[in-house]
Amino acid sequence: MTGVRQAVGEARRIVVKVGSSSLTTASGGLDADRVDALVDVLAKIRSGGEREIVLVSSGAIAAGLAPLGLRRRPRDLARQQAAASVGQGLLVARYTASFARYGVRVGQVLLTSDDMSRRAHHRNASRTLDELLAMGALPVVNENDTVATDEIRFGDNDRLAALVAHLVRADLLVLLSDVDGVYDGDPSKPGTSRIAQVRGPGDLAHVEIGSAGKAGVGTGGMVTKVEAARIAAAAGIPVVLTSAVHAAEALSGGDTGTYFHATGKRSADRLLWLQHASTPQGSLTLDDGAVRAVVDRRKSLLPAGIAAVQGEFSAGDPVELRDATGRAVARGLVSFDAKEIPQLIGRSTRELARELGPAYEREVVHRDDLVLLEP
């Protein structure tokens, strides 16, 4: 093991994400041999009892194609959800049977981004995953495709895996697919080489990242994997990006794939979800004083600082906070419905409480439910 990848060998809690193309055939349907090969590696890694694995697995929609007579992944959401409904059961059943060969119990956890940006749901997800690990079970996480709408979808399991890694306070994220790393060009062409390490965004500034995988049964590509790696690395979690066939070598700290060094420190879990997994349902335009209070002094947003409201949203939904030019400076969970806010604009909480009641003497967006956006 090289010194660079010593963190891999020392990792005790590991999130492993595997893509659809590594588990299924191009025409749809699970490949039992591929699933068993992955399970063999993961079961061995955790066999000593010192390492914990959380598996984020794609493949539900792809697994449901063949049973439903679908020749390719459908584009419309309703058919995707139907395929996921059939395929998710097949996927978990396959994992359950395969891990049972090693006496390992499997627990299914289905998530939507809407769940994770709301405080109570986020806390419940964290507790469930912690309890599964404490009881010796191996959580298998997937997006809840059967109920997620376009507005509350993660869009790809690479990003979901990065956020789960932060949620469970993982020491390492391993992204497995059908590509063995990031290359400085098209890996199918001669003269290109694998990028062994990424110490920061600048290392990939001049690299053209491909957007599609080989098999065509998933939603991601190298773009989503690199973005997921950046999210995790910025949250203090190192990442190995490689192919599923090199999973054993990657998890043992071998020189395979691309290693992303941690570039930041951990922040409040839920705020990472709010920043990367939420879809704003509307926006609030702030006056200059409110922008300074929110951005520079990290204060809550009060009604007096609001200049305008856009969109239709309900209390608890994510919204963007914009300055007078329309630039988004922050994102937060709003405490009022959109239809309530016009009567609050520019007024003090004391005035509102006196006129409308004590329920209106509160922040529109509390600082604990707010994350600043990069300029």
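In which kind of crossing, left-handed or right-handed, does H7 pass H8? These legends treat a predicted model, where local features need pLDDT of at least 70, side-chain atom pairs count only at pLDDT 80 or more, and totals for chains, interfaces and linings use all residues. Residues are numbered from 1 along each chain as its sequence is written, and side-chain values use heavy atoms, without hydrogens and water.

**View 1. Helices H7 and H8 cross at roughly 15°.** Helix H7 spans residues 157–167 and helix H8 residues 222–234 (helices are DSSP runs of H or I with at least four residues, numbered from the N terminus). Their axes, which are lines fitted to C-alpha atoms over the stretch in contact, come within 8 Å. H7 and H8 are therefore roughly parallel to each other (angles under 35 degrees). To answer the opening question, H7 passes H8 in a right-handed crossing (the near helix is turned clockwise from the far one by less than a right angle).

**View 2. Residues of H7 meet residues of H8.** From H7 come Asp158, Arg159, Ala162 and Leu163, and from H8 come Thr224, Lys225, Ala228, Ile231 and Ala232 (contact means heavy atoms within 4.5 Å). By class, this contact has five nonpolar, one polar and three charged residues.

View 3. Look for Arg230, Ile231, Ala234, His276 and Glu374, the closest to the pocket's centre among its 21 lining residues (on a 1 Å grid over the protein atoms alone, a pocket is an open set of points where a 1.4 Å probe fits, with protein on both sides within 12 Å along at least five of seven lines, and lining residues have an atom within 4 Å of a point).

Note on methods:
Axes are lines fitted to C-alpha atoms, for helices over the stretch in contact, and angles run from 0 to 180 degrees between N-to-C directions. Helices (H or I, at least four residues) and strands (E, at least two) are DSSP runs, numbered from the N terminus. Angles under 35 degrees count as roughly parallel, over 145 as roughly antiparallel, 65 to 115 as roughly perpendicular and the rest as oblique. Ala, Val, Leu, Ile, Met, Phe, Trp, Tyr, Cys and Pro count as nonpolar, Asp, Glu, Lys and Arg as charged, and the others, Gly among them, as polar.
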